[in-house]
Structure formats: structure tokens, C-alpha cells
Amino acid sequence: IECSPYANIEVVNEVQNCWDQDVDSDIAVDILMPNGYFMTISVNRYATLHQIKEEVWEGAQNCPLFSLLKDSDAYVFQCVNSYTGNKDELVEEDRMLFDVRPFQAFLRLAEKEGDVEEKKQNSRLGNAIGQSLEEFDEQNDSEINDFRKQMRQFCESVCAELELESWEKRVLRQYPVSMESSPKLPTYLQKKIFDDNLVVAISIGQQCSESTFKISVSPSLKPEELLDLVLQKKGPSIGLYDNHITQSHVLKVCGLEEYLIGICPLSQYRYIRECISSDKTPELVLVSRDKVLLEASVVKTEKNYIERQRSHSFTNDSVTLQKLKKSVTVSAWTIDDPIAITLHFVGKLDCDIKSKIAVQCAIYYSDESLTSIIHSTEKCLEEEKYHWNETFSFELELHHLPRMAKLCFCIYEVSPTQKNGRFRKCQDKFVCPIAWVNTTVFDYKDNLKSTPITLSTWSYPQEIDENSAVMMRPLGTIAQNPNPKNSPGPLCFSFKKYHTTFQVVYPNTSEILEYAKEETSLTNGSMPQASKSYLQQLRQICEKDSLYQLHEQDKQLMWFLRNDCCEQLPNSLPKLLRCVKWNDRREIAQMTQLMEVWPQLTPYKALELLDYAYPDSRVRSFAVKCLEKITDEELSLYLLQLVQALKHESYLQNSLVEFLLERALKNRHIGHRLFWLLRSETDFPEASLRFRLILEAYCRSLPSHLESLEKQVEALRKLRSANNDVMGKVYVKKEGREKLKSKIQKLLGKSHKNPFCNLHNPLDPRFKFGKIKIEKCKFLDSKMRPLWLAFENIDTYGKDVFLIFKNGDDLRQDMLILQMLRIMDRLWKDEGLDFRMIPYQCMATGHKVGLIEVVPDSDTIANIQKEKGFTATSAFKKGSILSWLKDHNPDDMSLSKAAEEFTLSCAGYCVATYVLGVADRHSDNIMIKTNGQLFHIDFGHILGKFKEKFGIKRERVPFVLTHDFVYIITKGHTQKSQEFTKFQQYCERAFMILRRWGPLVISLFAMMLSTGIPELSSEKDLDYLRETLVLDMSDNDALKHFRLKFDEALKNSWKTSANWMAHNWAKDNKMSD
């Protein structure tokens, strides 16, 4: 050990990452002691912090001033996190140095302060959410502080209520079971069970032996009744004589953390239905209730309920508080002055110092402009700023301003000539937008913002509105840039001060309703009634999809007959809200009054109200209320959109965040999925602060789940590190593949074995990993070299779990399409059609990183054709796939069943890919299972964004239906066969069902516009869905249209084969073993 009283710091030109060096060597760690001494020790990379501290303390005993040090337990290591750049306090000393990876291998020992347990939890929270909690405190923002406090109280009160639940409910909360809405088996499943009986395999594990037997039961049997039956038939032979066996044992699904508990029949469990659909025998195991691991209970106190009451009063002030507010405030609706702001300055921008800069601003409600655009004068840089102190007055009185109005700014450069392509014509000059920022007019407490406001701006994207003179981005985030260092420059402005002593506030609901009542009395309270012809016209307008642009006449009619809309056409609410003049307080008050009595909408229609077009908090709260009765299964289907909808909330505290947190706390799988949907977007600054605050609220409430999630985050971080290491060191050519495979296996086996053991699968938390199977791990032969990972199932009754880890690809688009496939599958099944879809699991876990489920027993069409054809021209050989299926289904019965599976799945995917405009359908992006199921993968191009070569589209068919496919569907017969006619009927029925649900499909895509997915960035991209679903046609015309597309796909299938042949020539399709 080398000790020195002074630290000599050498200036270096380039910082080397010491953790990228040889993983087998020791590492020199620099340590700054509490007494000021600086020492360097050489330690093993996998030593724990506790071991390092002991070694440091042993060496420090020989150094001067050791007597000044306290006991080693009084100190804690601190470091700079290599991943985040934050200062971390390493409270958990059982962590390995290699896992911590302190920047430049530098550690500081500092004296512990405060509550150690609280610091441990905060440290773990920081690791899980990807940001130190100290950064929240450093914001010094009252809205953030209030939100954290109120959400903590809210979550604690929810958890306290859950503690009163029975053992069964606690199990179902921690280990949720997927259920169907009805116990009755659909017809397509009833046909698959013999003599109305279901065969179930039951395993019973004893101390020294285990046995498995099959039993035939009615699908209507309940789990407890099945337990009784098992006891009657097998109890004596396995040593179970207790008549109370049903009270001490439960049935568990083999391989999954899923228990069959409750009063629902077996037919209602999704696992049972999936087994029936796949012709598999459900496998259950009898386990003792003592073996079901439940989290420790939290003692309920009266304080929890007091806090919950307080949390609900956060947005509903008490009468006393309202009176106090009235005494020091003045309502904005009593002020007739126009809205005015003063622009003070803009900070230095990254442009020529001689450039002239101006600012454009306007007031918006959603994307609707409430005022004309105002342009500032042009200014040059002076003393590191562009100074204005210029006052702008808008032609809108303050009393007409809606609650969710926002002020939008754009900073731009002005030039007499077009300097480059980014400059656009604006009157007699050229302008180039540099930065933009939006902010609400009222704060989260309803106060008009008064003091000077300095906003950190966003860089203006190059590709947006390059030909438009309007440069504001009203649909952009209302949050300022959280990274001032990455901001083009700050913008400072202030609102006019309308009262010398009182604070201007927006009126509360009761005041608005009182105003509406007064307005109604002035019109004698009479409202017109719609005639039959007008009512029919209203219905026609309401049947239009959400993208339909209402004409001014339509708006006037709907608003005139708004009471009829409420009473007879409640689903017209989204369209009626678009008819409101949001710069007129009279109409705002009337709409608020109508919302008080509006009937609840279906959950599907309520989703639309959470889109960006509806910022009003009362409307959004109403939508959330309509969602409260939605089942957990339905909520899981739409959770992707609901997380995106959080971005459209004007303030941190809102009904949607409370709804999602409460449902997440009551269902562990929803909580797990919510965590990763939020966590994956924290790298995007527009949502990072909001999403991390929600993550903190959830994780703090469930310490045991936090521990599991933290392990998952750490494991994925190590996978990314290993993948980066491999990509950086080995260039993939055929001769290097074995070397690369050996390298990745060495990395995973050396230091990445322990973190995966006993880890919940991030893709599906029902699975729990045992140890990683190093010998089966490999890389896949594609550009980003994804990792193929294999894990033992910790449940000895379960099969191995396989995943693909992708690093470098944005998986959010794949997530969206796979979600839509699940929704389509659900819509079809509700109509009695099971198209045997395989919407495999896919999840982004961060920016351009994520996991994909491996579908077992499957291969790509390219590999199948190559295996059977041996040449690139195998794409034209129509018997290759059928020959491959015969190899895996040798007898006539199994082959016939495989052909039926192929026919059904092919029909489903033909229609789904056509409607969604899925492109790039080469033979490596379509796979087939050995049982005949066809499925598509890799959805990098959607909504008709077909690839082009020399300006010519490569794909010129509506969907993939090759002669090879037809050969299997017809079982070798002609296209006029009965089998092919049935296939076409399947496709037609599938299309017409989706067409009926077209508005839902469009709404779900519209809610994803805020994600930043390249191929879904504007409403124009959604026009493709309207075109494929032909929503403007009658049913008969739509069916004729689809039949033409079907014939086109069949007629031009040779073009698909030609594309596949070119693809086979260009690429070595076979993956390395």
C-alpha cells in the first residue's frame, strides 16, 4: 500500500476508462481518507466495498494521524457514478467494486450522516430510477416538493388499506393471475376438448419423491373443487389424509409464479385457455401455502388514513382555506384587461455574434391558437445577452383565458438572404428557428404566474415545418429543458401585474358553475331540442373517426344541440369539446356545467379524451373516472398509451397518475410493467423529471419490489456493458464468429452469473431465472449483434427461459405494433375467431436497448427455404415450407393440424400487416413454428413506409401471400379449393371486424404521437390507417375494396418471391450456432 499526505494530479489529454481493461487483472484504487490522506491500493475487481474498507483500515494504521479517525463503521464510501456522473454514497457495502465502477477508480471515505436506513433506501431508489434523489431537492421547485409529499402519502394510504386484505387477495396481488371476463368457453375452444372434459396434469412433490398424474375434469370446476378431487383420488397413495388439505395447499402453474386461487372456474383462467388453444395439457403442481412467499406486512396505523385524507384534499381545498384564499386573491374572470407580457432577454445563442435575433410568441389551447402571433423586434448580442424589455399585448382579455392556456415561444435568426436550407421565407425576410419553449399561464395552484420567469429552452428540430412561417411548437412539452447545459439559451419574461396587492387566480369549479347558472338565467334557461333530421345529422358526425376535421357548420350544429349530445349521444363528447370556443369564458362555463351531468363513456372512448387535444383537467379527470372499472387485463392492453398520456398532463399532480399508481400498487404485474414503461423513457429529457418522480413514488411504497427491480436494472446494465465490450473488440466476419461467441460466454460466465440468479424476468415477471446457461448463450448475426440468452427456470417443473438482448435498436415501434396485434387478437376472439397469433413479448428498457422474447421451436422462412432449396432461387419453390412442416409433423393428423394452424395465423397476419402498413417483409422477418403457426417479427417500418431502391418501392403488394403459402393452405390443391375459399373468408371477416373498431385503432396510434417514434411523428402518418380501413365507405364497398387488395396480393406474389430471392442472395441467413 502506497500512502502520501499530498495528491499529485497530472493533467492528461484523454480520460481512459479503467474498467474497459483486462477483466482478470487487479485494479489500482485511489482513496481519499477522512483525515486528508490520499492512498492507492491494488485490489481485486470483484472485491466488496466492505473488504476494501478493511484493507484500507489495516494499511491506514501505519500512517500518520490515524488516531484522528473514528471506527471504520462510522464512514461510508463516496464516488462519482461512471454511468450518471452523479455523486453516489455507497451505503450497501456488500456490492462489488466492479458493479459500482467508480469513475477513474476513485473513492472517498466520508463520515456518515443522518438515518442510515433512509440513505440506503434512497441509494437503492436512485439506482433503480437512474437518478440520485438529491437532484429532486436541488430543483428547489415547490410543485416537485408538493408532488413528492402528496404521492408518498397517497401511496402509503393505499398500501395501508391493502394490509386489511385476506391471504388469498394478498397472493393474487403479488402473483396476479390472468383471467378472462366470462367463464364460458368460446366455441372455437369447446371444439378442442373431448366430451366436454379437460385433461389436467397434476404434480405432487414430497420429501423424497414426486409423482405426476393426469385427471379428466369439467372446465367449470373450481380450483378448490379440483383440490378436493385430487385428495379423493390420490390422497392415500401420497400420504395426504387431512380433510383440510384445501385450506393448507394451493395449485400452482408449473414454471410460472401463478396460483389458481379463488371462486372462478378453470375455464376462466387464461393459462387454461391458452393450453386448450395450443392442444397442450395444463400442468399444475400442488404446493403448500407455507411455500408461497409473501411480503412482510406493514402495520396499519391511524396516521395512514389521516394522510390519505390529506392527499385527497390536495386538489380540493377546505372551505376555510378557500375563504382565506378569497381574502388575498382576485379572480381572473373579473379582469377585463388584455393579456400582456414583457420579454426581458434571451441568453447567448450558438450563432454568429453579428446575427439578428427575434422572438415569436402566441397563446394556445392544445394546438389551437387563441391569439395572433406576435413578433418582437430584432436584436443583436450585447453583454452576452439579447436584451428587449419589450411589452407585448395580445388581443385576448384575461377573463376569456382558459385554465390550461399555454404561452409558446420560438427564438429565431433573421437574415435578408437565405443562408442555408434551414432558413425559410417569412414576409420579406428569411428566418431560421433556433430554440423553442412552452409554459402554462397559470401555475399548479391556479395562480397567474407573476414574477419574472426564466425558461431553459429546447433546440429546434431541423426536420419540422421547414416551409411554415409559424414556428411555435404548441404540441411540444410544457416542461422547460432540465439540462441547462444542453439548452440553446435561457429566455426570461414576465406577465403584466394586474393587481397591486392581490394574487390573480383562476376561478374554481363552483364559481364557474355559478357563472354558467347566471348566463343560463339570462337566456330564460331554454335549450333547443333536436329534430329527427338534425339528430340523424348528429349521429353521422359522431360516427366519423377521431381524425375527421369538423367543418364550421358541424361545430355550430353540435354546440347548438349540446344537450342532445349529452342525453342521446354521450360518445360524442370528444367531438363536442372540439366545438367549444376556448377563448370565450361563456362557452367554457357552459361546457363545465354540462360535464357535471355527462354520462360515463366506455373505456375505449374515454381513452381518446386523454390525448393531447384535451388538456382541460376536468375533462381528463372525467376520462380517468370512466377507466376506473376497467379490468386489469384491459388496463395492461392499453398501459402503453396511458403512460404516453402522462406527457400531456399540464401539471405533475393529476387524476391519471393517481389512477396508475393505485392500480400498480394493487397488481404487481401492472406495477412491473408501469415501472419499465416509465424507466425506458427517462433518457428522454422531455419526460425524465415527471417519470422519475412517479417511479420514486411507486418504488418507495414497495421496498420488496424495489429490490427486485433494482436487481433487474443492474443485470441489464451488465448485459449492455458486455455487449458494448464485444461490439468494440471483435469485428464480425465468418472467421470471427466463434471467437466472438467465446468472448461473450467468457464475459457472462466470469462476472455476470450471480446477478441473474433468482431474478424476475423483466419481460414477464411470472418467470424467475435460475442460473444462466453459459453454453447456450450466443450472438445473433445482425448489425447490432444482439445477445441470445438462456436461463434455467428456478421452478424445476418449468422449461428454460430464452431472451434476446438488443443494444442499439429503438424497440418502441416494435412494442406498439405487437401491442396492436394483441388488441386485434382480442377483438377477433371476442367475435369467436382465434387466428393463432403470436404477439411475442418485447420491451424497451432504455434508449435503444431492450429485450425480446424468443419463440421456441421456430425458424425464419429464409432458413427454411435455404435448408430445403439450397440456393437463393428457393424463394420460388412452393413446396419448401410444406416439406419442412412434414419433417416436424410426420403423420397425416399432425400435418393436417399444422396446415390449419398455418391457415389461421396466415389470415390474421395478412390482415394485420395490411391495416398497419407493416413493411420490410423479407423472408428473415417472417417465421414459422414447427406446429405450423406463422408469425412476423421486426417491425422497423410501418404505416406504409416501404423501402425504396433508386426511387422504386421494393414491396408492391398489400400483404405477403406467396404461392408457397397458398400451397400449404390448399394442401397442394388449386386456389379454387374449399380450403382456400375458407382462408379468404377468414381474411374478410378479420378485416371487417377491425374496420368496426377503426376509431379505437386510430386513437391508440394518435396517443403515441408524443413518443418520438420516427415513423409516427404527425397526424399525417395516421392517414394511412384511414386509407387501409376505408372508414369513409359503406360496409359493402369496404368489403369489395378489400377483395380487390386480396386479389392484388395473390396476383403479384411473384414480386414478393423476387424480393426474397434478392434478399437471400445478399445475406447469409443462417444464424451462427
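Figure 1. Leaving aside neighbours within four places in sequence, Ser456 is in contact (heavy atoms within 4.5 Å) with Val437, Gln480, Asn481, Pro484 and Ser487. This is a predicted model, where local features need pLDDT of at least 70, side-chain atom pairs count only at pLDDT 80 or more, and totals for chains, interfaces and linings use all residues. Residues are numbered from 1 along each chain as its sequence is written, and side-chain values use heavy atoms, with hydrogens and water left out. Ser456 sits in strand S21, residues 453-456. Helices (H or I, at least four residues) and strands (E, at least two) are DSSP runs, numbered from the N terminus. Is Ser456 buried or exposed? Ser456 counts as buried because its relative accessibility is 8%; buried means under 20% relative accessible area, exposed over 50%, and partly exposed in between, with a 1.4 Å probe and protein chains only.

**Figure 2. Helix H10 and what covers it.** Six of the eight residues in helix H10 (residues 270-277) are buried, so the helix is mostly covered. Those buried residues are Tyr271, Ile272, Arg273, Cys275, Ile276 and Ser277. Their cover includes helix H7 (187-190), along with strands S7 (198-205), S9 (249-253) and S11 (283-288). Just after H10 comes Asp279, with a positive phi of about 60 degrees.

Figure 3. The whole structure has twelve cavities of 30 Å³ or more. On a 1 Å grid over the protein atoms alone, a cavity is a set of points where a 1.4 Å probe fits but cannot get out, and lining residues have an atom within 4 Å of a point. Grid points are joined across faces, edges and corners, and a volume is the space filled by probe spheres set on the points. The largest cavity holds about 70 Å³ of space. Its lining is made up of Leu640, Val643, Gln644, Leu677, Ser680, Glu681, Arg812, Met815, Met1008 and Thr1011. Helix H21 (632-645) and helix H27 (812-830) are the elements that give two or more residues to this lining, and H21 gives the most, with three. By class, the lining has five nonpolar, three polar and two charged residues. Here Ala, Val, Leu, Ile, Met, Phe, Trp, Tyr, Cys and Pro count as nonpolar, Asp, Glu, Lys and Arg as charged, and the others, Gly among them, as polar.

**Figure 4. The second largest cavity.** About 50 Å³ of space lies in this one. Which kinds of residue make up the lining of the second largest cavity? Eleven are nonpolar, with no polar and no charged residues. Among them are Phe756, Phe769 and Phe791. Helix H25 (703-729) and strand S27 (787-793) each give two or more residues, with the largest share, three residues, coming from H25.

**Figure 5. Two nonpolar cores.** A nonpolar core is a set of buried Ala, Val, Leu, Ile, Met, Phe, Trp, Tyr and Cys residues joined through side-chain atoms within 4.5 Å. The largest has 249 residues, and those with the most contacts inside it are Met591, Trp598, Trp828, Leu961, Phe983 and Phe1005. Helix H30 (residues 892-916) gives the most to this core, with 13 residues. Not counting residues up to four places away in sequence, Met591 touches Trp559, Leu573, Leu576, Leu577, Val580 and Trp598. A second, separate core of 29 residues includes Tyr188, Leu198, Leu227 and Leu260.

How values were computed
1 Å grid on protein atoms, 1.4 Å probe; cavity = no way out; pocket = protein on both sides within 12 Å on 5 of 7 lines; lining within 4 Å.
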